[in-house]
Amino acid sequence: MKRKLFILLILTILQLSCWAQESLPQQWQYYLELLAEDGNENMIDELIDLYETYHDNPANINDTIGGLIDFPFVSEWQRHCLRGYILDFGPILTLEELYLINGFDSTTIALLRPLVICSPIVSGESLSIKQLLTQGRSNLVLGASGTIEQAKGYTDNTYEGDNLRLMWRYYYKYKDRVQLQLSGDKDPGEAFFSGSQHKGFDFYGFSLMINDLGKYREGRHKPYIKRALVGQYHVQIGQGLTMWSGFGSHYPMGASLFKTGQGIRPSGSFSEYGFLQGVASNIAITPNWEIVLFYSNNLRDATLPRKATSDTTIDWVQSLYNSGYHRTQTEINKKNQIREQIIGSYLQFKKHCFKVGLSSMATWYDKEIIPAKYVYNDHYFHGNRNFNSGLDFAYRKGRILAFGEGSICVNNATDQDKLNISPALIMGAEWTISSLHLISTQLHYYSPTFHNFHANALGESSSPQNDLGGSLLYAGRLPWNITLNSAVTISHFPHMKYGVYAPSNALEYRLLIEKPIHKLKGLNIQLRYRYKAKEQNTTPSTIVNGQYQLEETYRHQIQCNLEYCKGAWKLTSRIAYAHYHGQISPQSGGFLLFQDIQYLPKLLPLSLGARIAWFDIDDYDARLYTIESDFAYQYNSSVFLNEGYRGYLIAKYDISKNWNIGFKYSITTYTNQETYGSGDELINTNHRQQWRIQIRLKW
């Protein structure tokens, strides 16, 4: 304990005497860490793609029709107030004006700051080949990374390829009219132009988006195509029950529980699952009526029945496989094992403060999904066809917003005559008490037999199934310029689930407090607290009177961040602690300290950064997460386990205005064991060293 207090004292002294600069804004790091804590790595990739896209091509905040809708942390009320402010006072001239608009808090503004600009609105024009060739902007990223030590999977030849990760991505954009994305990605351990990967990269991405087709032609009026997409894309409609792919946390985040769907948008991350692939369009029929039409035809990975091989002809799989790794023969056999086809539509009516939408989606597979038999999964999807249909609405009256969505699924297994028709329902309301205070609440019920592979709605589980509960959120500014954001979620699970073989309950509470220190300009303090109580199986599992016994478990996590910036320097310190215990399970704890120092000199096109972290984590239940500074499209979360140290150095240099290069070196050392990792990732040393290089061209 004395050593911990001494380290904390040193970090605090450094915090008050130094400054540093960071490439990824601190608020974005905290936002992504919330997703990492909940295991939403796929959404991190999507949000990083969003950040990089708008960092290079900022959105115009004065675009009150399409502006800010892509950003999930901006609430419907904030967009409503922004439109009203611009209507009353004219276009926004500086981002500082956002502080004068009802509902905009310092956290939201900090998230928006690197992604938006204040510019006059320019009326649209017809597309021409000359404009596309001469006025478009291109961005090419090339990257490679690897591990210096060789893991067991490489020394034993279990992995088909080497330990390099290779990636490239080309991005083209012409204003807000045309967007093209091409990419390739090879994960460590995957073959490259050899073995099972004769085509080179394991994953190729492609999407082409064109907006406002026919809108600006002379004499042409509605209807017109607001957006057309070809390739890999996402569909986000309603409150996420009928169709919602891509990022969208199922936990309360930000300042609202209301989800604003973007309709259709391109998929540009390196995630190899979770997207649709085909064609989609958004057609404006009249000023009040719109329709979204989409079709997807995609090969997906799937877990094969036991003892099946790649040469075995099978007509069923056990489950969809979502990892994207194809390193071992077992993983390679899972690749592209099942074809998923989806056809759907969304008809929406909008007028003034009211909107309502009707959505339908049919999904079918060329093989039947038959889950392996376990105690908890008798309500899992079984079959090869599923139909979802839903009705959503939103109505605003003054400072009150009411919203909701009801959805059903219809399916049946091929070996069963009984038809499964199961419901899911969300109802919510939001009250903006004043420009500084907002309360949002939501109730939901998801049937244990509700099935949807492309849904993302608020709730305890990663998919809307087997959940009855609700959330209450408060966001506001307190006296002494303190920003407070808190949320509580209560859940009841009527049916058993993984690790919980009986009906159970859960309670979660989150708290965020942030305050700038005006006496020392540039200093900001942020405090986070998270509490979670849930029931789970006892270890070992115990059956009494024919029913599995559960125990109540509790997890507390507290985190304090200090940021201080001045000039070209910025320094960030963190201390975090997690405590876990159960009625029967022994208690465990996790402790983390880290210091970031980053420097961006004004006279040199150079950016330098470093981090040193010390951690002491008893077990997985007490794990802690962080987001590190990295390169474009490559930010990821680090999970801390065991006891040891982690540090990294990162440097980025602008060779010219349109060409930069970066290098990163990191090392993690365990002081309580002699090996690193496990399974095929086992390294016969107590440390792991990694490197990464990236080249970026813009023209």
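W659 lies in strand 33 (strands are DSSP E runs of at least two residues, numbered from the N terminus). This tryptophan counts as partly exposed because its relative accessibility is 38%; buried means under 20%, exposed over 50%, and partly exposed in between, with a 1.4 Å probe and protein chains only. The model is predicted, so local features need pLDDT of at least 70 and side-chain atom pairs pLDDT 80 or more, while totals for chains, interfaces and linings use all residues. Residues are numbered from 1 along each chain as its sequence is written, and side-chain values use heavy atoms, leaving out hydrogens and water.

Now to the rings. There are 23 aromatic pairs in the structure; Phe, Tyr and Trp rings (for Trp, the six-membered one) pair if their centres lie within 6.5 Å, and planes under 30 degrees apart are stacked, over 60 edge-to-face and the rest tilted. Here are two of them.

| Pair | Centre to centre | Angle between planes | Type |
|---|---|---|---|
| F203 and F275 | 6.0 Å | 50° | tilted |
| F381 and F453 | 5.3 Å | 85° | edge-to-face |

F203 sits in strand 6 and F275 in the loop between strand 8 and strand 9, 72 residues apart. F203 is buried at 8% relative accessible area, and F275 is buried at 6%. What about the other pair? F381 is in the loop between strand 15 and strand 16, and F453 in the loop between strand 19 and strand 20. F381 is buried at 6% relative accessibility, whereas F453 is partly exposed at 37%.

Ring pairs also join Y374, Y376, Y380, Y498, Y501 and Y548 into a cluster.

Notes:
Helix = DSSP H or I, 4+ residues; strand = E, 2+ residues; numbered from the N terminus.
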